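Have the sequence and the 3D view open as you read.

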Amino acid sequence: MLKYILKRVLRACVTLFIIITILFALLRLMPIEGYFDSFDKVSSTEIQVKLNSLGLNDPLPKQLARFYGQLLNGDLGTSNIYRRGVSINTIVAEKIPISVKFGLVSFALSLVMGLALGIWMAHSTRTRFKIGDRLGTVLIVVVQAVPSAVYHIVIQFLGSQYAGIPMLFSENEPISYILPVLSLSIGNTAYYAMWLRRYMVDEANKDYVLLARAKGVPGGAISRRHIFRNAMVPLVQYIPGSVLSTLMGSLYVESLYSIPGMGGLLVTAIKRQDNTLVQALVLIYAVVSILGLLFGDILMAVVDPRISLSKKEGAR
Amino acid sequence: MKENVILSFEDLDVRFTLRGQVLNAIRGISLDVYRGESLAIVGESGSGKSVLTRSAMGLLDANGSIAGGHIWYDGRDLAAFRTEKEWLAVRGREIAMVMQDPMTSLNPLKTVGAQILEAVRLHQGLRGAAARAAAVQALADVGISDPETRYKQYPHEFSGGMRQRVVIAIAIACRPKILICDEPTTALDVTIQAQILDLVRSLQKKLGLTTVYITHDLGVVANVADRIAVMYAGDIVEVGSCDEVFYDPRHPYTWALLSSLPQLGAKGETLYSIQGTPPNLFHEVRGDAFAPRNPQALKIDFLKRPPYFDVSPTHRARTWLLDPRAPRVEPPEHIRRLRERGGGGYV
């Protein structure tokens, strides 16, 4: 088990190192305008002074070493355009908590609703008319097929018109949290319901379920102890990733409800060519994705005894 | 019901609904299983062997149901059971099952100990340390060495034969009266097969079990069975003691089945095989179901379903050949040779 985890961690570190290096190389290719908020108005001497002070005229290996050093100290650099002279750590620290708060609540909600819906659908496949399964399938297909922008607007419209919930987010009004949380959770709800239903139906047809029935285990206990538990195994792999990705916020929902979260930050940074901010954000996104996969793999090994002990990897 | 009969099928009909069509999987079977005996049900794939035994445990697939007849057990008619609660009093507790493929019949994510413990808790009423001890004992009883360590391991850490031992341990941990072994050795290595059969036989003796084997392997049957029931197309065409069915078979299907045993053929001769395919059970079967594949079939075989004729008090067959009016039809040569050998040594 320990060996498995160490191996995964090591692999994640190597991936991260490569990403950081590529990122550094790419940003050296960007025009130097990205380090000035009003490039046109500064003289060439001023430009050289600024570039020298940022260390951008140093030899590349030296720059790269400094870049690594800063990162190891947890310093993401300073914004040059978006908010001039403000440390990126500060910018991000203001925005991340808002996105994470929304993200975690909606994640928890989608997990609860999605699993409940999935269980209901799976059970309903054994009934005569399969009503639950049919209704659930309709919901899932709609959520998957309709562009998310459409149902986000529908939710906002219905909620504000008929339920009297404020259309925009405001920090001091708890009621205004409802619609964004709902919007954020609906996609994942459909996702979890769809896969849990599918895995539960698969498991229910396996021989060991027949054996459990033959030894006299009541249906409810078989569903809980055998079918549900085994069906969750392939799903848990995605849970850490889902939790971590809440750090990144949601571009669309956050702008729809004017939530000052992380969602739009990267787009703004790219639009305004704030090189250091782009660099920092891409880095954060990469770290989040890699950690999500890493924790997913570890969690998977925790719940499935076959993984940590098998000698061959990558059989999934 | 006779005193020594533990389980009795009476005129049992089992039907499945498949894409709007009705399949008659079991067509009016009557069969007594005697207390403490070892009965083998043989027949080709699709003949209804597994369906017959599963109907006695309420384990038919959702689209299957008992359409008529009775299954008597301990004064109760299992065919009349409708709720899961009624079946829970029978499954495991009275009748337990060992299935064909030990690679898939254990939950891969639970330790074997936990899976035995489930049965112990349900049927021996034990809890805590006592339940655990009983589960470890069950592992020891099926000949698994170092049961304490094995208890904590997962199915993937066991070989096929060892897993089948675990499945048997689960079955006996239920303390059943009847043990159904549904092709218990089909998925196993030939060298392991004998060990598993020996194990079941010794457990049967030790625990006073009644065992029902389902198999298409006549070699297995010869080793373990007291009595044999031969199934064809959802019906039992012949039933008798092991010697009677092997050395004095009467139904043309039994003849054909025995003739296709490689052990009976002579070296250099082409191995006998039965012509044609089993009847389509979606349609009603007229007459003797085996008639279309039987080159020596009588005219009446195509018209009227034969009743059972008694050959001896323990041996009966469903074929018109046993009717006093029937012409004399000689069994194939292999079968005649068997008769001459009669009683002495198994196939």
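## Before we start

This is a predicted model, where local features need pLDDT of at least 70, side-chain atom pairs count only at pLDDT 80 or more, and totals for chains, interfaces and linings use all residues. Residues are numbered from 1 along each chain as its sequence is written, while chains are lettered from A and ligands numbered from 1 in the order in which they are written.

## Chain A

Chain A has 14 helices and zero strands. Helices (H or I, at least four residues) and strands (E, at least two) are DSSP runs, numbered from the N terminus. Along the principal axes, the C-alpha atoms of chain A fill a box of roughly 85 × 60 × 30 Å.

How much of chain A counts as buried? The figure is 28% of its 316 residues. Buried here means 20 or more other C-beta atoms within 10 Å of a residue's own; exposed means 12 or fewer, partly exposed is in between, and C-beta atoms are placed from the backbone.

Two residues are in contact if their C-beta atoms, placed from the backbone, lie within 7 Å. Take the contacts in chain A between residues at least 6 apart in sequence: 70% of them join residues at least 24 apart.

## Where the chains meet

Chain B brings 27 residues to the contact and chain A brings 20 residues. On chain B's side, the elements giving two or more residues are helix H2 (84-88), strand E6 (95-98), helix H3 (112-124) and helix H6 (160-173). H3(B) gives the most, with four residues.

## The cores

A nonpolar core is a set of buried Ala, Val, Leu, Ile, Met, Phe, Trp, Tyr and Cys residues joined through C-beta atoms within 7 Å. The largest one has 102 residues, and B:Ala171 is among those that touch the most other members. H6(B) gives the most to this core, with nine residues.

Leaving aside neighbours within four places in sequence, B:Ala171 is in contact with residues including B:Ala96, B:Val98 and B:Leu179. A second, separate core of 27 residues includes A:Phe169 and A:Tyr192.

## A closer look at B:Trp87

B:Trp87 sits in helix H2 of chain B. Why is B:Trp87 classed as partly exposed? Because it has 17 other C-beta atoms within 10 Å.

Not counting residues up to four places away in sequence, B:Trp87 touches B:Gly58 and B:Phe81. B:Trp87 and B:Gly58 are 29 residues apart in sequence, yet 6.4 Å apart in space, C-alpha to C-alpha.
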